[in-house]
Amino acid sequence: MIFLSFSVLTGILLAGLAPLLHRRFATRSAALALFPLAIFAQLCLAIPEVAAGKAWQVALPWVPSLGLSLSLRLDGLGLVMALLISGIGALVIIYGGAYLHGHPFLGRFYSLVILFMTAMLGVVLSDNALLLFVFWELTSISSFFLIGFEHHKANARAAAWQALLVTGSGGLAMLAGFSLLAKITASFEISHWIGHSADILAHPLAPAAFLLILAGAATKSAQFPFHFWLPNAMEAPTPVSAYLHSATMVKAGIYLLARLFPVFSGLALWPMVITSMGLITLVGGALLALAQTDLKRLLAYTTVSALGSMVFFLGLGTTLAVKTALVVLIAHALYKGALFLVAGCVDHGTGTRDITILGGAGRAMPFTATAAGLAGLSMAGIAPLLGFIAKELMYEATLEATLPALLTGLLLVANVGMVAVAGWVSFKPFWGKPGQEHLHPHEGPAALWFPPLLLAALSLLLGAFPQLIGKWLVAPAAQALWQAPLSVKLSLWHGLTPMLGLSALTLLLGIGISAAGPRLQPGITRFWHALAKFGPAAFYPRSLHAVLSFAAWQTTVLQSGYLRLYVGSIVLFTVILAALTLALRPSQFSVPTILPPRFYDVVLIGIILTATFLVTRARSRLATIALLGSIGFSIAILFLLYSAPDLAMVQFAIETLTVILFVLVLYRLPKFKQLSSRATKTADMLLALMGGVLMTALMLIVSAHNSDSHLTRYFAESSLPLANGRNIVNVILVDFRGFDTLGEITVLAIAALGVFSLVRLAKKGGQKRQAPPTGGKQ
Amino acid sequence: MQRSILLSAAAHYLMPLMLVFSIFLLIRGHNEVGGGFAGGLVAASGLMLYGIAISPAALRKLLPIQPHLIVGIGLLSALLSGAIPMLMGKPFLTGQWLKTPLPVIGKVGTPLLFDTGVYLVVIGVVVWILLTLAEE
């Protein structure tokens with residue numbers, strides 16, 4: 001386990017180094033695949049222990065005050081996912097090196113894929129929900145960059161944004177759900193939640209937490225009504241689609257539902273919401289797929305459908321359904337990963353992915369065709385491949401559920417669609433009649449055909465010997481869901497069962513549709529086009545537009561660009577809010593004992609008052625600056641007289657600097673004028689008066705409480721022993737309240753940056769814009 | 001703007017004096033009147049006087065590094081003073097002190113580094129704004 005926790009850290013490091021390594025070693029950089037391979041090997045060694053019911057665990061405190069700890073846990077469920085992530089990850093790195101050979105961004109590709117893989121491993125290994133969230137968002141972000149990999153294409157950028165916004169907003173909802181669970185159980189540890197599921201279910205907030213977390217899972221796993229981002233994500237390079245958008249990342253939502261299955265499956269909402277969502281996605285995805293002609297989009301929609309089926313079976317929640325979901329997960333990752341990689345090979349070898357053009361490439365691309373054939377058979381659910389076992393299990397699970405006729409019927413529809421698409425994707429391009437154009441197909445290098453062939457061969461191997469995964473992977477994973485040992489017996493032949501009959505029917509209908517494809521498609525496409533404007537995909541741009549126009553509206557309202565309005569509204573709101581608090585919580589006013597005024601007090605206050613009055617009547621800018629300066633200096637002297645030399649010193653310096661800065665801009669300002677009307681002036685005066693009255697009231701309240709305040713005493717007493725300093729003011733600034741000061745100097749730096757950029761911008765746009773609207777007394 | 005000979009002659013002598021004084025304020029700030037803010041403002045006033053009395057270009061030539069870098073270095077030293085105690089397993093910004101005081105400076109600890117950060121940020125910000133406005 002130590003190895004695994006290190007591998008997460010190493011992965012992040014390696015992701016940073018990958019572009020450099022690539023630049024240094026160029027052609028040999030596919031050796032980066034050794035990293036996931038090592039993880040894969042280590043995970044394989046862990047299989048016997050995990051299958052025996054042990055879970056590897058490691059926990060390091062990270063931010064204990066937030067409940068965030070680096071706790072990783074490897075159990076059956078995590079192991080299945082981690083094996084898929086590292087195994088397919090290694091193949092994708094090898095494949096990607098050949099697929100993107102000579103691409104200027106290949107180094108970046110390696111970096112992002114390794115980053116993604118590390119994050120994804122983190123997701124499935126985290127036992128802390130906050131940690132899981134961090135990794136979860138990291139997968140969304142790496143997905144964003146990978147979808148937008150060809151960032152010069154507007155489509156790729158738009159699709160990247162869409163995926164990020166959809167999965168990101170779901171992720172935030174999920175975080176809220178996690179926080180609710182943490183509120184209920186006082187812990188962010190997932191194993192703690194599982195142990196306390198009874199408490200959680202009894203809590204009134206449990207349904208809210210469930211729905212929020214479901215939003216995260218549904219957006220990530222492209223469930224209806226959030227499915228639309230996944231087909232658009234096909235803008236990504238094909239190895240990325242194979243890895244993120246079919247084999248691993250989109251299964252993060254499934255993983256999360258499976259992980260929280262022991263927590264939430266007792267909830268009445270669970271079967272209702274999840275099965276219906278899964279069912280709509282399952283059937284909808286398959287039917288939408290029938291309208292596609294692009295290889296990758298065909299595969300994307302069937303991925304949506306397969307994800308829907310996994311969600312659906314998790315929702316059914318019987319022991320058989322849980323096992324089915326897990327077998328489908330493994331089978332789908334293998335055949336769909338292979339088919340995506342095949343689609344990349346076809347694109348590479350013929351230059352197109354359009355199935356209406358493709359055909360007859362099988363002779364020229366024998367290895368790819370073999371891989372495609374095997375994976376396609378698995379996808380169609382034909383014995384002896386793993387997909388067949390998965391499909392038999394699906395039918396068996398729906399037949400024993402409530403409403404068997406309806407559920408089995410809908411499942412049949414979806415599976416028929418799958419068979420049809422499998423035919424189009426894995427048969428037509430290789431053995432079908434080619435279209436008008438001459439394609440000159442050719443086989444790519446071994447790095448291109450070997451990974452899909454290996455995945456497809458695995459589908460065959462595991463189909464032939466299903467107990468390999470049944471005993472070692474599915475059973476331990478199902479145990480993680482069921483929280484009790486489950487026996488899993490997978491086999492190819494069950495005898496003449498209703499499931500076999502359904503399988504045969506599916507195949508027959510599917511092959512029929514597949515063959516009739518070209519004639520059927522236009523009709524299906526027209527149907528979906530007519531429906532599209534009611535779909536969630538149409539809602540997305542509308543809501544995006546609404547958010548943006550709201551942002552534009554409130555910016556125009558709040559950001560007038562006039563300094564005087566900003567100052568005015570700040571004072572106004574301070575007065576309103578503070579006055580409201582004062583009115584709601586009556587405070588004690590007290591008039592402090594007034595010392596007999598000394599001569600210089602009277603003089604200074606006289607100067608301040610006179611200058612303040614004159615400043616409002618001044619007719620030249622220089623006079624205004626001088627008057628404001630005299631107010632400042634008088635206040636500084638007051639500080640000095642009332643024994644605050646630090647404040648006085650700073651005030652003197654600030655006043656001096658302000659005057660000098662004023663002088664610098666003086667020449668640039670427009671002619672000094674009195675522009676405000678009488679009404680504005682009266683309003684300004686009222687506002688100023690209110691501000692003054694409020695400050696006076698606050699001062700009086702503070703002095704009423706001063707007698708029992710121990711702050712002054714505390715700082716005076718502890719400044720030397722605790723902070724090694726005798727100057728209380730400075731000790732407070734740099735030590736007791738050091739964090740505040742850090743914030744203040746940061747603000748100061750940002751203000752300077754603001755001045756710098758404003759002046760530079762004004763200079764650049766000098767022809768179009770007049771001097772900035774700082775001048776003129778209003 | 002005509003240059004005043006008196007002012008520019010005075011600035012040549014005043015500026016170094018004010019810088020020295022500002023460092024004095026910075027170092028003694030923990031125990032006596034002074035500190036990074038006050039010190040930074042005094043130093044900035046001195047530099048500003050130089051920049052206005054002689055020329056902004058002369059001020060820029062005088063500075064060893066660009067003003068925005070001074071700001072950055074200041075922020076980084078403040079952050080560093082917060083990070084040092086974290087290396088010792090203490091919370092961010094806990095004051096750490098050397099056991100033996102250094103000659104002239106006195107006791108040395110992370111708060112002094114923090115105050116130096118404040119000092120540099122203040123100088124950098126003022127000079128940066130001044131040069132931006134004056135050189136436009």
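In chain A, the C-alpha centres of domain 2 and domain 3 lie 62 Å apart. This distance is taken from a predicted model. The domain assignment of chain A places domain 1 at residues 1–267, domain 2 at 268–534 and domain 3 at 710–778.

Next comes a pair of helices in chain A. Two packed helices are described by the angle between their axes and the distance between the axes. Helix α12 of chain A covers residues 252–259 and helix α15 of chain A covers residues 295–316; they pack at an angle of about 5°, and their axes are 10 Å apart. Angles under 35 degrees count as roughly parallel, so α12(A) is roughly parallel to α15(A). On the α12(A) side, the contact is made by A:I254, A:L257 and A:A258, and α15(A) contributes A:L307, A:M310, A:V311 and A:L314. Sorted by class, this contact of α12(A) with α15(A) has 7 nonpolar residues, with no polar and no charged ones.

A:N155 belongs to helix α6 of chain A, which covers residues 154–185. Is A:N155 buried or exposed? A:N155 has 12 other C-beta atoms within 10 Å, and a residue with 12 or fewer counts as exposed, so A:N155 is exposed. In sequence A:N155 is 97 residues from A:V58, and in space the two are 43 Å apart, C-alpha to C-alpha.

Chain B has 5 helices and 0 strands, and its elements, read from the N terminus, run α-α-α-α-α. Along the principal axes, the C-alpha atoms of chain B fill a box of roughly 60 × 30 × 20 Å. Of the 136 residues in chain B, 48% are buried. Among contacts in chain B between residues at least 6 apart in sequence, 68% join residues at least 24 apart.

The last topic is where the two chains meet. How many residues of chain A are in contact with chain B? There are 35 of them, and they are in contact with 40 residues of chain B. On the side of chain A that touches chain B, the elements giving two or more residues are α28 (645–666), α31 (728–736) and α32 (738–764) of chain A. The largest share of that side, 13 residues, comes from α32(A). By class, the side of chain A that touches chain B has 23 nonpolar, 8 polar and 4 charged residues.

Key
Residues are numbered from 1 along each chain as its sequence is written. Chains are lettered from A and ligands numbered from 1 in the order in which they are written. This is a predicted model: local features need pLDDT of at least 70, side-chain atom pairs count only at pLDDT 80 or more; totals for chains, interfaces and linings use all residues. Two residues are in contact if their C-beta atoms, placed from the backbone, lie within 7 Å. Helices (H or I, at least four residues) and strands (E, at least two) are DSSP runs, numbered from the N terminus. Ala, Val, Leu, Ile, Met, Phe, Trp, Tyr, Cys and Pro count as nonpolar, Asp, Glu, Lys and Arg as charged, and the others, Gly among them, as polar. Axes are lines fitted to C-alpha atoms, for helices over the stretch in contact, and angles run from 0 to 180 degrees between N-to-C directions. Angles under 35 degrees count as roughly parallel, over 145 as roughly antiparallel, 65 to 115 as roughly perpendicular and the rest as oblique. Domain bounds come from an automatic or database domain assignment. A residue is buried if 20 or more other C-beta atoms lie within 10 Å of its own, exposed if 12 or fewer, and partly exposed in between; C-beta atoms are placed from the backbone.
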